[in-house]
Structures are given as structure tokens and as C-alpha cells.
Amino acid sequence: VPMVAPGNVQVHVLNSTLAKVHWDPVPLKTVRGHLQGYKVYYWKVQSLSRRSRRHVEKKILTFRGNKTFGMLPGLEPYSSYKLNVRVVNGKGEGPASPDKVFRTPEGVPSSPSFLKITDPTLDSLTLEWGSPTHPNGILTSYILKFQPINNTHELGPLIEIRIPANESSLILKNLNYSTRYKFYFNAQTSVGSGSQITEEAVTIMDE
């Protein structure tokens with residue numbers, strides 16, 4: 001098998017899900033056989049928004065021939081990763097380069113995990129929600145937009161409310177009685193807004 005590890009491994013993080021890795025080629029005489037290519041082993045150490053460490057699944061990308069760089073797609077935003085590089089011949093892999101640590105920046109969050117509308121009264125509705133399964137960063141706020149829908153399914157004026165990120169419920173007051181409302185709800189990080197979930201609910205007709 002090859003004798004030495006690739007040297008001078010460098011990682012350039014391009015965005016929250018993509019990084020580029022470079023390395024110096026090993027001297028050909030240390031390959032001790034036919035140079036087939038290089039393998040990059042990489043794995044997520046932890047999410048920076050959740051401190052949970054789960055079972056670490058190592059991923060491997062193979063770059064054929066005498067390439068000295070490669071792309072690592074499909075990374076998770078706002079996470080800490082490690083990687084190393086090995087050279088491959090027909091017999092197997094050489095030793096791994098020292099582990100290199102890199103971090104991906106924040107991305108936009110996934111949609112809130114749920115939005116539930118309960119306790120309708122004449123002029124109020126109670127909203128409850130769950131935080132995004134993948135915050136992909138530090139949540140800065142939630143954005144709630146809502147508008148009335150009349151009997152001919154026309155949409156009324158859109159109202160927008162910004163809600164602090166640590167809240168998980170809200171009582172909307174001063175609504176019209178016996179009116180259907182449509183709600184659009186999403187979470188935000190400093191990068192921007194995530195995908196929204198929508199819900200409809202009706203205030204009651206009379207007490």
C-alpha cells in the first residue's frame with residue numbers, strides 16, 4: 001500500500017453546504033504501485049445549534065487519478081466537520097493525513113415543525129408552534145403573516161407580525177367574528193427566511 005499521506009491539506013468553505021478541499025500530491029515513488037486516486041474521508045462532528053452528538057457517519061469521496069482538489073457537496077449548515085485525505089493504489093489506501101477541522105456558516109432554517117390554531121373566540125385565535133427541526137443556525141425570529149378570506153375566496157389585506165425566536169405561542173386578538181383567516185408562518189436566521197407552513201382557521205360566529 002502507499003507509504004505516505006498527502007500533505008498541505010486545505011479546506012475552503014464556499015457556502016453553508018459546500019466546501020472545496022486541496023492537497024499536495026504524494027511523490028510517485030511512495031505510491032508503490034499504480035496511482036488510482038485520492039480518497040477524502042469527512043464527517044460531521046457536531047451541529048453548532050444543537051449540542052447533541054449522535055453516531056458519526058463517515059462519508060468517503062473518491063477523486064480519480066492525480067487530482068489535487070475536490071468538492072464536498074451536501075454539507076449541513078452551521079456544523080463542525082473533520083476530514084482527512086488518503087492516496088489509493090491497486091492494493092489499498094495509504095495513511096490518512098492529519099484531521100482537518102472546518103465549520104460551515106449559518107443557512108436558512110427548515111420550516112417550523114408544526115403550527116396549531118386552537119381556542120377560537122369571537123375575536124381571537126391562539127397559535128402554537130414548534131421550532132424548525134433543522135434550525136441551520138441561530139433563530140432570530142418568527143414571521144407570521146395572515147389575512148382574512150371572504151365567502152368568495154378573495155383574500156383581504158395581509159398583516160405581518162415579527163415574533164421573538166424564544167416564543168412558542170401567541171394569542172391573536174381584535175379579529176373579526178365568523179371569519180376565516182389564512183396564516184403563513186416561517187422562521188428566520190441572520191441569513192434569511194426559511195420555508196413557510198400555512199394553516200387556516202375560523203373565528204366563531206357567536207357565543
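Biologist: Which domains does the domain assignment of the protein give?

Modeller: The assignment gives domain 1, which covers 7-104, and domain 2, which covers 112-202. Please keep in mind throughout that this is a predicted model.

Biologist: How many Å separate the centres of domain 1 and domain 2?

Modeller: Taken over C-alpha atoms, the centres of domain 1 and domain 2 are separated by 42 Å. The contact between them draws on four residues from domain 1 and on seven residues from domain 2.

Biologist: What is the area buried between domain 1 and domain 2, and which residues of domain 1 supply 77% of its part?

Modeller: Between domain 1 and domain 2 about 430 Å² is buried, and carbon and sulfur atoms give 52% of that area. On the side of domain 1, Arg 50, Pro 77 and Tyr 78 supply 77% of what this domain buries against domain 2, which is more than any other three residues supply. The residues of domain 1 that touch domain 2 divide into two nonpolar, one polar and one charged.

Biologist: Let us turn to single residues. Where is the place of Glu 76, and is Glu 76 buried or partly exposed?

Modeller: Glu 76 lies in the loop between strand 5 (69-72) and strand 6. A residue counts as buried under 20% relative accessible area and as exposed over 50%, so Glu 76, with a relative accessible area of 31%, is partly exposed.

Biologist: Which side chain is joined to that of Glu 76 by a polar contact, and how many Å apart are Glu 76 and His 34?

Modeller: A polar contact of 2.5 Å joins the side chain of Glu 76 to that of Lys 44. Glu 76 and His 34, in turn, are 42 residues apart in sequence and 35 Å apart in space, C-alpha to C-alpha.

Biologist: Where is Arg 86, and is Arg 86 buried or exposed?

Modeller: Arg 86 is in strand 6, which spans residues 79-88. Its relative accessible area is 17%, and because this is under 20%, Arg 86 is buried.

Biologist: What does Arg 86 touch, and with which side chain does its own make a polar contact?

Modeller: Leaving aside residues up to four places away in sequence, Arg 86 touches several residues, among them Pro 6, Tyr 38, Lys 39, Glu 93 and Pro 95. The side chain of Arg 86 also makes a polar contact of 3.2 Å with the side chain of Asn 84.

Definitions and conventions. Residues are numbered from 1 along each chain as its sequence is written. This is a predicted model: local features need pLDDT of at least 70, side-chain atom pairs count only at pLDDT 80 or more; totals for chains, interfaces and linings use all residues. Side-chain values use heavy atoms; hydrogens and water are left out. Helices (H or I, at least four residues) and strands (E, at least two) are DSSP runs, numbered from the N terminus. Buried means under 20% relative accessible area, exposed over 50%, partly exposed in between (1.4 Å probe, protein chains only). A polar contact is a pair of N or O atoms within 3.5 Å; within protein, one must be able to donate a hydrogen and the other to accept it, and residues adjacent in sequence count only if both atoms are side-chain atoms. Contact means heavy atoms within 4.5 Å. Domain bounds come from an automatic or database domain assignment. Buried area is the accessible area (1.4 Å probe) that two parts lose on being put together, summed over both. Ala, Val, Leu, Ile, Met, Phe, Trp, Tyr, Cys and Pro count as nonpolar, Asp, Glu, Lys and Arg as charged, and the others, Gly among them, as polar.
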